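Biologist: Could you give me a close look at how the helices pack here? One spot in detail is what I'm after, with a bit of context around it.

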Amino acid sequence: MAVLPTEKVEAETVLETSHKSGQNVRAMAKKTQRIPALDFTKGALVLIMVLYHWLNYFLGTSDNRYLRFLTPSFIFITGFLISNAYFSRYGITDPQLPKRFMQRGLKIVGVFVFLNLARIALFPGTYRTQMVSEHSSIRSLLDIYVIGSNLGGGQGKAIAFFILVPIAYLLLLSALLLIAGKAFQRIFHVVCMLCFLSILILHFDGYQSANLELLAIGLLGIVVGYIPIERINTFLRHPYWLVVAYLFYVGAITRWNIIYPLQVVGVCLSVMILYLLGGQGSHLGRLRSLVILLGKYSLLGYIAQIAVLQLLHQGLRHTNLDAIGTLSISFFAAFALTILVVEATDRARGSIAIVDRLYRAVFA
């Protein structure tokens with residue numbers, strides 16, 4: 001996301017972010033090239049997330065084990081882009097990178113708080129009491145912002161847009177690790193292993209931290225992002241093993257449901273399959289272009305689809321539609337309105353300067 005917080009890697013010069021004269025001379029006009037297959041992956045995740053949340057809002061709690069790769073996939077790709085795009089572009093020792101990640105992480109926390117406050121303002125009778133209750137004690141604040149035990153989505157939860165919290169923490173942690181990384185370049189690998197080890201220890205003691213589990217997957221994305229994209233493309237030229245591995249994964253979650261190790265495996269396999277489809281789907285034409293556009297605006301798309309579904313859920317409750325009519329209208333409207341928001345934003349950015357500046361201030 002980047003998938004969520006780093007989604008719009010603009011064409012800017014290294015001169016703007018580095019004080020090293022040698023870098024300035026050789027990269028004065030260097031631009032970041034977007035990877036269409038990666039944008040396709042992010043856009044496909046946004047569309048699948050619409051389906052995931054639509055099921056939660058209009059069909060209630062159900063067995064969604066086959067879609068549980070979605071939330072951690074966003075933070076995995078965010079981590080991947082941190083190393084594959086930013087580290088390779090600026091270098092891990094660039095003095096401006098910690099500042100950039102710190103600013104983006106704090107922005108994401110601010111967006112999370114703002115969106116939940118806006119949610120209360122729009123639907124005060126539904127969420128205000130729950131929101132006050134969730135923030136009424138230090139323990140509940142720790143549950144939300146540290147442990148992650150009360151971050152769940154769906155129409156019945158007081159806290160929405162929950163993935164933004166661990167993604168913000170990934171950016172903030174990356175800023176701190178970059179400072180330490182000047183002395184030890186493998187710092188991300190070590191911290192990633194320590195996070196997974198901590199999850200294992202907590203599991204044996206009967207504890208679980210959703211934020212820590214998502215953060216570990218984000219760090220895994222950073223570690224994987226050290227692999228050059230050319231090597232990844234070569235690796236995926238023979239996808240038969242990937243199909244076989246995914247079938248084994250589906251069989252495993254059917255048998256044991258989603259346990260954390262399987263979730264990690266599912267994230268890696270699902271992201272690779274979507275990336276592979278994105279690289280080979282040129283025959284899809286307009287559809288592929290639309291998915292790629294959603295990937296370029298994945299953070300906006302993520303926020304838009306939750307906002308749209310909440311508005312639809314609240315609005316359709318007051319209609320005389322039967323169950324089939326409600327499900328049909330809400331399903332198609334959720335996808336159409338999410339896509340419309342992204343397309344309208346993209347066009348407005350190209351023609352209205354203030355919209356572009358506002359978008360950059362919030363999302364860039």
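Modeller: Of the protein's 364 residues, 51% count as buried (under 20% relative accessible area with a 1.4 Å probe, protein chains only; over 50% is exposed, and in between is partly exposed). Bear in mind that this is a predicted model, where local features need pLDDT of at least 70 and side-chain atom pairs pLDDT 80 or more, while totals for chains, interfaces and linings use all residues. Numbering starts from 1 along each chain as its sequence is written, and side-chain values use heavy atoms, leaving out hydrogens and water.

The accessible surface comes to about 17,600 Å² (Shrake-Rupley, 1.4 Å probe), and carbon and sulfur atoms hold 66% of that. There are 16 helices and zero strands (DSSP runs numbered from the N terminus: H or I of at least four residues for helices, E of at least two for strands).

Now for the close look: α7 (residues 164-181) against α9 (residues 210-225). Their axes come within 9 Å and cross at roughly 55° (lines fitted to C-alpha atoms over the stretch in contact, with angles from 0 to 180 degrees between N-to-C directions). So α7 is oblique to α9 (under 35 degrees is roughly parallel, over 145 roughly antiparallel, 65 to 115 roughly perpendicular, and the rest oblique).

Who is touching whom? On the α7 side you'll find V165, P166, Y169, L170, L173, S174 and L177, and these meet N211, L214, L215, G218, L219 and I222 of α9 (heavy atoms within 4.5 Å). That contact splits into ten nonpolar residues, three polar and no charged (Ala, Val, Leu, Ile, Met, Phe, Trp, Tyr, Cys and Pro are nonpolar; Asp, Glu, Lys and Arg are charged; the others, Gly among them, are polar).

For context, take α3 (residues 70-90) and α12 (residues 260-280), which pack at about 65° with axes 9 Å apart. That angle is why α3 counts as roughly perpendicular to α12. Here too α3 passes α12 in a right-handed crossing. P72, S73, F76 and I77 of α3 make the contact with Q263, V267, C268 and V271 of α12, giving six nonpolar, two polar and no charged residues.

One last stop is T345, in helix α15 (residues 323-351). T345 counts as buried because its relative accessibility is 17%. Leaving aside residues up to four places away in sequence, T345 touches Y297, L300 and Y359.

Technical notes. A crossing is left-handed if the near helix is turned anticlockwise from the far one by less than a right angle, and right-handed if clockwise.
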